[in-house]
Amino acid sequence: MPKLWQMDDYDECLESPGPDEPSGVFCSLSVVLKPNNRSELWKLIEEFSSDYKRHYNHQVLKRGVCIKNCQKAIEKLSPAERNALTVEPFPIDVRYKFNDGILENIPTYREAYHDVLEICVNKELNDTYGLVAHTEILSCDKSTDEVVIDALDMSFLIVLCVLVCFVTLSSWYDSSINYKRTSDHYRQPLDSKRKMVWVSFSIQRNWYRLTSRSRDELNQKLRFFQAFRFLTMSLVIFGHAALLLAVTPTTHSVKLERMMHNVGSMILTNGVQITQTFLGMSGALLAIQFCSFAEKRKGKVSFLYVPFAILYRYVRLTPVYAFVILLHATWLLKLQTGPLWRWGAETEQTFCRRNWWTNLLYINNYVHADEPCVQQGWYLGAEFQIFIIALIVLVTIVRIPRAKVPILGLVLIAAYIIPALFIYYQKLEGTFVVTLEAQRYILWYDKFYLHAYIPTHINFGNYIQGVLTGVIYNELQKRSINLAQSKVFRVVWYLTFAIIPLSMLPSYMFYVNDFPTPSVWMAAYFALSKNLYGIGVGIVILGCIYGVNGVVKRMLNYPFFEPLGRLAYGAYLVHPFVMRYMFVSVRGPVHYSDLLTLSLVFGATVMSCLMALVLCLLIELPTTALQNHLFGSFKEQKSNHVDPETVTNGNINPGFEGKKSEL
């Protein structure tokens, strides 16, 4: 079969031409083979591609073509030969490109180069395979292209300069009032709120906040969460590397297709479940901290707590998120070039300039989800929405303690039934089917991704099960029950590490079969299998809190996990930015070995953490410091005592600052 990817030399094509030579032009193309039932090769392509869940659609090819090479290849063709290689329009019912209107100047390029490119590509296809195709220009780069800087680009530079100035001045001021010249100065609060506001951006003080370890008893018990955050973040990066392998040009795409025929690969394919770990942790932390707060208040918790917690959380999460969105909307495109770079960067710039508001309102997992700005932000939208629901539920069960069990039971039942109903009525499969073909278009248009992965109602269950984990822990504390002393629980805890991966293997049946839909049993299977992961997360969390395995807990409590866990939020936001440079900036098809892939994943993790460190010291920690000072008077008046930085960062965000909880 024709290669899925084939590319001319990009840099050679765009070398600066001589004074009398035309500009070099390199175009990325989507090539759709025209059906030809007289060709045995076409029949093979059609049959092979029909296994759409495990194979690419080999009717759709990707090409990178230099216009100069094309012109040379077809210059000797007669008008009749050229006409024979021009394909008349034919029905195309498969996805072969991103939606129109995303990339600039494409109509101009299509008008100028479409005929030349189609004849050129069809000459090669006809000579080699006896086939012809419709050719669609996706993007073009010219050697004369210049970087254009607009007002929004300048606004990013202004914001960055202002932040750097704040950090510089704040650090200088903090150092100037350190009269004893001791490091303890940066660890201790100053004698006035005004001074504390002035040193909010102090890099020395924020460094100690980043690396400090709390002596609070509850925070010490939950310290392993920092390791969980970092390790889960690393697995997310690994999973996104697998996605990018399907997006970017490879010399051996067949390797990915063969892997999809392996039952064991379902553990990797269903690795998308790893984000459910964040949801389980977030729910557990919220419930644990809220129950602690409610006990101190003797159950006197007003529903006014809810809007204040929402506001506090919004202010906590949004500044660094907005900064990353602004970066993607401005300078991402200008920082690199390559045959695929406009696909990977200009699309992001366009979406962020159009749809930034959906991210800042945390509704991006529902609104314009097929044109995502900062695509990984779907999780933040889903988690923010579930946080609000969970908070209302917690306040309700505290105010009506006798109804605690019925309320939690009803919410948990809803968390199972609602996803099942959506799967049934939307006629979806019994698992989130991750197809190679959908990954070629970054899942933007995939119905499984849009309806069975990112919506809040699909992810609601594991967060609520995390909340239930926190409530159970609170009840165990009241009764002075130590789960580590239970032999049954210890056995269950160890078995969980085997059961969860093994539970992913049955999903293979959905890849090899096309079961009729809608299906009651598939809807039920989807809800049960997805929420089983949350049950496992809850068991693991309880076991780590009580130290079922002392060696594991000591490893998870190693000091270096403390700052790494706090950097996880920033790393989550910036790792696709880093990975674009590693994968999407390639100049041609690459042979990805297992060792090379692991090296890229390791490099992406390190670079993401380094960028997260910059964001943390520049925006994230200064924001939380200012937030605590500016909200302080209101918090004191309300006499609330739950750490919003702990409660509201139960997902992948830094928390546990070693101070008393307050809200």
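Trainee: On what basis are the values given?

Mentor: In this predicted model, local features need pLDDT of at least 70, side-chain atom pairs count only at pLDDT 80 or more, and totals for chains, interfaces and linings use all residues. Residues are numbered from 1 along each chain as its sequence is written, and side-chain values use heavy atoms, with hydrogens and water left out.

Trainee: What is the volume of the largest cavity?

Mentor: A cavity is a set of points, on a 1 Å grid over the protein atoms alone, where a 1.4 Å probe fits but cannot get out. Grid points are joined across faces, edges and corners, and a volume is the space filled by probe spheres set on the points. The structure holds two cavities of 30 Å³ or more. The volume of the largest cavity is about 190 Å³.

Trainee: Which helix gives the largest share of the lining of the largest cavity?

Mentor: Lining residues have an atom within 4 Å of a point; 14 residues line the largest cavity, and Asn270, Gln273, Thr431, Ser529 and Lys530 are the closest to its centre. Helices (H or I, at least four residues) and strands (E, at least two) are DSSP runs, numbered from the N terminus. The largest share of this lining, four residues, comes from residues 520-546, helix α23.

Trainee: Which residues lie nearest the centre of the second largest cavity?

Mentor: The second largest cavity holds about 90 Å³ of space, and helix α15 (residues 341-360) gives the largest share of its lining, three residues. Of the 16 lining residues, those nearest the centre are Asn364, His368, Ala369, Pro372 and Cys373.

Trainee: Which strands are the edge strands of the four-stranded open sheet?

Mentor: Two strands pair if DSSP finds at least two bridges between them. The sheet has the order β1-β3-β2-β4, with mixed pairing. Each edge strand pairs on one side only, and these strands are β1 (5-7) and β4 (133-142).

Trainee: How many bridges join strand β2 to strand β3?

Mentor: Strand β2 (residues 25-33) and strand β3 (residues 60-66) run antiparallel. Val31 stands opposite Leu61 in β3. The number of bridges joining β2 to β3 is seven.

Trainee: Why are Tyr109 and Tyr113 separated by about one helical turn?

Mentor: Rings of Phe, Tyr and Trp (its six-membered ring) pair if their centres lie within 6.5 Å; planes under 30 degrees apart count as stacked, over 60 as edge-to-face and the rest as tilted. Tyr109 and Tyr113 form a stacked pair, 6.3 Å centre to centre with 20° between the planes. They are separated by about one helical turn because they lie four residues apart in helix α5 (residues 106-129).

Key
On a 1 Å grid over the protein atoms alone, a cavity is a set of points where a 1.4 Å probe fits but cannot get out, and a pocket is an open set with protein on both sides within 12 Å along at least five of seven lines; lining residues have an atom within 4 Å of a point.
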